[in-house]
Amino acid sequence: MVPDNHLFFIDPNRCIGCQACVHACSECDTHKGHSMIHLEYVDRPHSVQTIPVVCMHCNSPTCAEVCPADAIKRTGDGVVQSARKPRCIACNNCVLACPFGVPKMNVGFELMMKCDMCYDRTSSGLKPMCATVCPSGALAFGTVEQFEHERPRSEPLNRFRFGQQEVTTRVRMMVPRGGQVEHLDVTSLMDDSTPSHCIPTDALVATLYRDEDES
Amino acid sequence: MAAEAPDTPELLGRFGPLRAYPTGPRLDTATIPERLVKTHCCFCGQQCGIQLKVKSDEVVGFEPWAEFPFNKGMLCPKGIRRYLQGSHHDRLTSALARDQSLPEGFREIPYDEAIGRVAAEIRRIQSEYGNNAFAVLGGASMTTEKCYLLGKFARACLKTRHVDYNGRLCMVSAGVANKKAFGVDRAGNAMSDVPLAEVVWISGANVAECAPITTSYVWQARENGARIINVDPRITPLARTADLALPVKPGRDAALFNGILHLMIENDWLDHEFIKEHTLGFEAAAEAVRDYTPRRTAEITGVAEKAIRQAAEWWGTAKTSFLMHARGLEQHSHGVNNCLASINIVLASGRIGRPGCGYATITGQGNGQGGREHGQKTDQLPGGRDIENPEHRQFIADFWGMPEAELPHAGVDCYELFRKIDSGEIRGLLSWSINPVVSLPDSTFVKRMLEKLEFFACTDFFLSETARFADVVLPGSLHEEDEGTVCSTEGRVIKINQAIPSPGEARQDWRILQDIARGLGRERGFTFTKPAEIFEELRNASRGGVVDYSGITYEKIERQMGVFWPCPDTDADSQPINHPGTPRLFEPGSWNSIAKGAGPFFFPDGKARFHPIRYAPPTEDVDADYPVILTTGRVVSMFLSGNQTRRIGPLVDQYPEPLLELHPTLARAHGIADRDWVTVESRRGRLTVRCQVVTTIRPDVVFVPYHWAGGKSVNLATISAQDPMSKIPEYKVCAVRIRKADAPPEYADRLESQQ
């Protein structure tokens, strides 16, 4: 079990784009050759800023909720596991539904693969591989007390709002301390006038549940 | 006569560079390693602790070493993937002889035959042309044991004065400056002092890409309230979050530091007591910066006046600070002066030798520090001694059991060595751990010189671009195949542990050296059976020198997680002591073997020296014909000449090819779009590479990383101008012109991406 007070912290401002996390994750025993973390350049023509994309290990994981095959499990210590065979049918629901864009479909394996917070390491007292190797501290693992002490200029957040959906995560995102936001609203910059071609996540979830109830 | 073995499919097929990816047990999730070997990375000077997973005499993966205090488990992509250089298709497992009749250019020969041939050629050339006609080049990616033995081999066995090493290309400016200012060439502080600093000043160091772990030290300082000042013509990942980014025009750093000192004096941001008690030469240095007003400084450096004033204020008024620099400051024809100008502002502040008060150059190569301590430099003897100092010469000659008159005097630096091949003074060359065809400026000249040699023997574990010119190639060992010590950028001596044996006929470099000595019939002094014995000798040879290792043992290193030198085994009264090592130099009241208590710095009077520095422009400034500044540097997933990292698939995937960085203003003026092929040309040569149009570089500068060979090598264009004191080449600035390429380069047509 991963201790409750051991949390994963991601500070995108510290990312230096070195890809140590990508390489180390790819070397991990359970999924060798496949990295569960990747980096995005935000706008290379104008900035060297990069951002790591890790599973946020949501308390109510959207990926698990939309999975028709119940292939994604969340353990009691709050870690959302990767999809399992034989249940995963590679339908891509989770890939589309995750508000953070985390799950990736491995077409060759017909299996969604995503970060499981290095469950084999974190459940035996080690840190996740990416958080161990990250040379700039953009990915880090430890207790809240440790981070309050070591990172006085940053504050961990774990509540996100996507449209109607509020997501609470086990992973903490660091933002500058003293900032005004209580939660990050990614839709605040969206253009409301453009009709959305996607079914909103909460409506999709409601549809699935409704169908289950009726069967 | 060594002619370059050409790029035939057979040569490339046999010797690569081909990319290795994890396969077999390295990819199998069921692989359980037999053991974990604690060691350090084979790449940069950070010398991160790492554990290698070993199964069936192969390194199959890595595991972080969380307890090693410098990096605490942190790593960068190179360290994580380094193991893929083992069991590599391209690995040299036997000696080779150049054979022009074969399409692959080389044939395998028995190791003993190769040694015999090397010895015979050494004997022939030395008897025909004199001892100095045979030269030795070493490198700083070898353990200190090997570096020491190489220096001893050149002096005591070959009795040639011509030995130098690849650190000539990187660390010597900082080395000369540090010796002139402090009397000792080592980082003043361990990185653990960085988080305690109120101001961290970084000049010419792409910390995030070249010393990634140091990034977390700098950012911990920021978490503790520090301000970060970064001086670089580019916005690098660390510069992106700097409190003040000063985009200095390449070559103008000395003027910037002079401007800062000018403002410190004007505002009396000076530690008068420190200057009076512990330094000499302040008046002359102050006089030299009288004209470096903020306006004038801004004009010369291309940095906004208000930024200069802000930097000076933050630096001037801080209570603690750390100044660090790297090749961006040092690889100039006045690199030494640049460093001395930076040291001036450190000394003027008095903030050195105390917690949170520090200064350091960031050493680049794994053993760049150790490799410049015990004698493979042309002017150096073990213990950091001076080959021209009569007392030092006598001590080492006695130690090696040879008459002092037979100990050669100083030779010439690495680049001048090639000029002496041109003049015919040097006819034969033996090289280790160096790839000058890629790493030296003006590669056209370097290649011509290698072809001019009568005999060239190269030791390497892959057929590097330089080894292609060899008459004989000797199969050396990988880092993980040997044991020994390395000194990290901090001055921490650490232990490399062997994980696997060498394959085939390849063997540890120190064995090859000894075999050559035996082949020459000059075996005395070269009969070690293991690295611990070499270390025992070198530790004794260093006793009494500035770089004193006499109190260091393998066991102490392992127990203390590294030992910072000086670490003598006797005290001032020659009584034996158990010295813990010296993490922080220059502490007030500290004793060192030169000052003997007169003061904390390594001069007889114990005082540090200011130096009056006048700004001088780079050797080749821009003009109407060549109006753009070319600067060169590195990327995070490649290392040095790429001989190793270009053979590691995942690292190549991260940066498959060099990209020329240029600003949109410059791109627009030449009709160049992002990812176009661009030809960059200097008076020496030209290359065509793809470009990246970014606003994160000065509009008057283009940047190309240097890790690639052949048509992608930016050293086709660089200038071989050298600093007169350190002899470092001026990699950081020369004049070029750019244009959108008429056609893709020849190498772009090849089906397989040849690195």
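# Close-up views of a predicted two-chain model

**View 1. A three-stranded open sheet in chain B.** Here S19, S20 and S21 of chain B line up in the order S19-S20-S21 as an open sheet of 3 strands, with antiparallel pairing. S19 and strand S21 (563-564) of chain B are the edge strands; each has a single partner strand, so one side of each is left without a neighbour in the sheet. Please keep in mind, here and in the views that follow, that this is a predicted model. Strand S20 (residues 492-496) of chain B runs antiparallel to S21(B), and 2 bridges join them. To find your way along this pair, look for Arg492(B), whose bridge partner in S21(B) is Phe564(B).

**View 2. Helix H21 of chain B and what covers it.** Which residues of helix H21 (residues 531-541) of chain B are buried? They are Pro531(B), Ile534(B), Phe535(B), Leu538(B), Arg539(B) and Ala541(B). These residues cover an arc of only 155 degrees around the axis, which puts them on the same side of H21(B). The cover over the buried residues of H21(B) includes helix H4 (144-157), helix H16 (390-400), helix H20 (509-519) and helix H22 (554-560) of chain B. Strand S19 (484-487) of chain B, an edge strand in View 1, is also part of what covers them.

**View 3. The nonpolar cores.** The largest nonpolar core has 263 residues, and Val200(B) and Val473(B) are those with the most contacts inside it. Helix H15 (residues 335-349) of chain B gives the most to this core, with 9 residues. A second, separate core has 33 residues, including Val628(B), Leu659(B), Leu662(B) and Ile697(B). Now zoom in on Val200(B): what is it in contact with, leaving aside its neighbours within four places in sequence? The list is Val194(B), Val218(B), Ala221(B), Ala226(B), Ile228(B) and Phe322(B). For background, nonpolar side chains tend to be buried together in soluble globular proteins.

**View 4. Strand S23 of chain B between two partners.** In strand S23 (residues 628-633) of chain B, 6 of the 6 residues are buried, so S23(B) is largely enclosed by the rest of the structure. Val628(B), Leu630(B) and Thr632(B) point one way from the strand, while Ile629(B), Thr631(B) and Gly633(B) point the other way. With strand S27 (residues 701-705) of chain B, S23(B) pairs in the parallel sense over 5 bridges; Thr632(B) stands opposite Val704(B) in S27(B).

**View 5. Domain 3 meets domain 4 in chain B.** The domain assignment of chain B gives domain 1 (19-85), domain 2 (111-169 + 367-528), domain 3 (172-361) and domain 4 (628-749). The C-alpha centres of domain 3 and domain 4 of chain B lie 27 Å apart. Their contact takes 23 residues from domain 3 of chain B and 24 residues from domain 4 of chain B. On the domain 3 side, helix H5 (172-182), helix H6 (207-210), helix H14 (327-330) and H15 of chain B each supply at least two residues. H5(B) gives the largest share of that side, 4 residues. By type, the residues on the domain 3 side divide into 9 nonpolar, 10 polar and 4 charged.

**View 6. Chain A and its contact with chain B.** Chain A has a secondary structure of 7 helices and 9 strands, and 39% of its 215 residues count as buried. The contact between the chains takes 30 residues from chain A and 35 residues from chain B. Helix H1 (20-26) and helix H5 (129-133) of chain A are the elements that give two or more residues to the chain A side, where H1(A) has the largest share, 3 residues. That side divides into 10 nonpolar, 12 polar and 8 charged residues.

**View 7. Phe162 of chain A.** Phe162(A) lies in strand S7 (residues 154-162) of chain A. Phe162(A) has 17 other C-beta atoms within 10 Å, and is partly exposed. Val144(A) is 18 residues away from Phe162(A) along the chain, and their C-alpha atoms are separated by 25 Å.

Technical notes: Residues are numbered from 1 along each chain as its sequence is written. Chains are lettered from A and ligands numbered from 1 in the order in which they are written. This is a predicted model: local features need pLDDT of at least 70, side-chain atom pairs count only at pLDDT 80 or more; totals for chains, interfaces and linings use all residues. A nonpolar core is a set of buried Ala, Val, Leu, Ile, Met, Phe, Trp, Tyr and Cys residues joined through C-beta atoms within 7 Å. A residue is buried if 20 or more other C-beta atoms lie within 10 Å of its own, exposed if 12 or fewer, and partly exposed in between; C-beta atoms are placed from the backbone. Two residues are in contact if their C-beta atoms, placed from the backbone, lie within 7 Å. Domain bounds come from an automatic or database domain assignment. Ala, Val, Leu, Ile, Met, Phe, Trp, Tyr, Cys and Pro count as nonpolar, Asp, Glu, Lys and Arg as charged, and the others, Gly among them, as polar. The arc is that of the directions from the helix axis to the C-beta atoms. Two strands pair if DSSP finds at least two bridges between them.
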